[in-house]
Amino acid sequence: MIKEEFLPKSASPDSRVRTFYFNFAAHMYNIWTAANIRRAEELDADLSKEKQFTAGRLIQAIEDDPYDLEIPTEPPETGHVFGELF
């Protein structure tokens, strides 16, 4: 599921970039799993029969989120870690 739904395609030779993409995909999968568990609990539904949210629906909901968190593009404490990657 991670590879098919959440992992961006990358042909980068840089292993750090590929590692970042994989970790990002794993986090998205965990968010998707948590959203399904929470929704199944709210509806008192059996999660083993079907998912409450498809992966595509979750990604669309994240993209359509109307709230702007005003997160800075580069936090000062991590700039030195990812500086050469982006």
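Modeller: At the start of helix 2, a side-chain oxygen of Asp14 comes to within 2.9 Å of the backbone nitrogen of Arg16. Keep in mind that this is a predicted model.

Biologist: Which residue does Arg16 form a salt bridge with?

Modeller: Arg16 is partly exposed, with a relative accessible area of 42%. The closest N and O atoms of the pair are 3.1 Å apart, and the partner is Asp14.

Biologist: How far apart are the end C-alpha atoms of helix 2?

Modeller: Helix 2 covers residues 15–43, which is 29 residues. At 1.5 Å a residue, the helix should therefore span 42 Å. The distance in the model agrees with that expectation: 42 Å.

Biologist: Is Asn36 buried or exposed?

Modeller: Asn36 has its place in helix 2. Leaving aside neighbours within four places in sequence, Asn36 is in contact with Leu47, Lys51, Gln52 and Phe53. The cut-off for burial is under 20% relative accessible area. Asn36 has 2%, so the residue is buried.

Biologist: Which other residues in helix 2 are buried?

Modeller: The buried set in helix 2 includes Asn36. Along with that residue, the set holds Val17, Ala25, Ala26, Met28, Trp32 and Ala40.

Biologist: How many salt bridges does a search of the whole structure find?

Modeller: Another joins Arg38 and Glu42, with the closest N and O atoms 3.7 Å apart. Arg39 also forms a salt bridge with Glu42, and there the closest N and O atoms are 3.2 Å apart. The search of the whole structure finds three.

Biologist: What is the relative accessibility of Glu42?

Modeller: Arg38 and Glu42 are both exposed, whereas Arg39 is partly exposed, with a relative accessible area of 32%. Exposed means over 50%. Glu42 counts as exposed because its relative accessibility is 51%.

Biologist: Which residue follows helix 2?

Modeller: The residue that follows helix 2 has a positive phi, near 55 degrees. That residue is Asp44.

Definitions and conventions. Residues numbered from 1 in each chain as written. Predicted model: local features only at pLDDT ≥ 70, side-chain atom pairs only at ≥ 80, totals over all residues. Heavy atoms only, no water. Helix = DSSP H or I, 4+ residues; strand = E, 2+ residues; numbered from the N terminus. Expected span 1.5 Å × (residues − 1). Buried < 20%, exposed > 50% of the residue type's maximum accessible area, 1.4 Å probe, protein only. Polar contact = N/O pair within 3.5 Å; in protein donor to acceptor, adjacent residues only side chain to side chain. Contact = heavy atoms within 4.5 Å. Salt bridge = Lys/Arg side-chain N within 4 Å of Asp/Glu carboxyl O.
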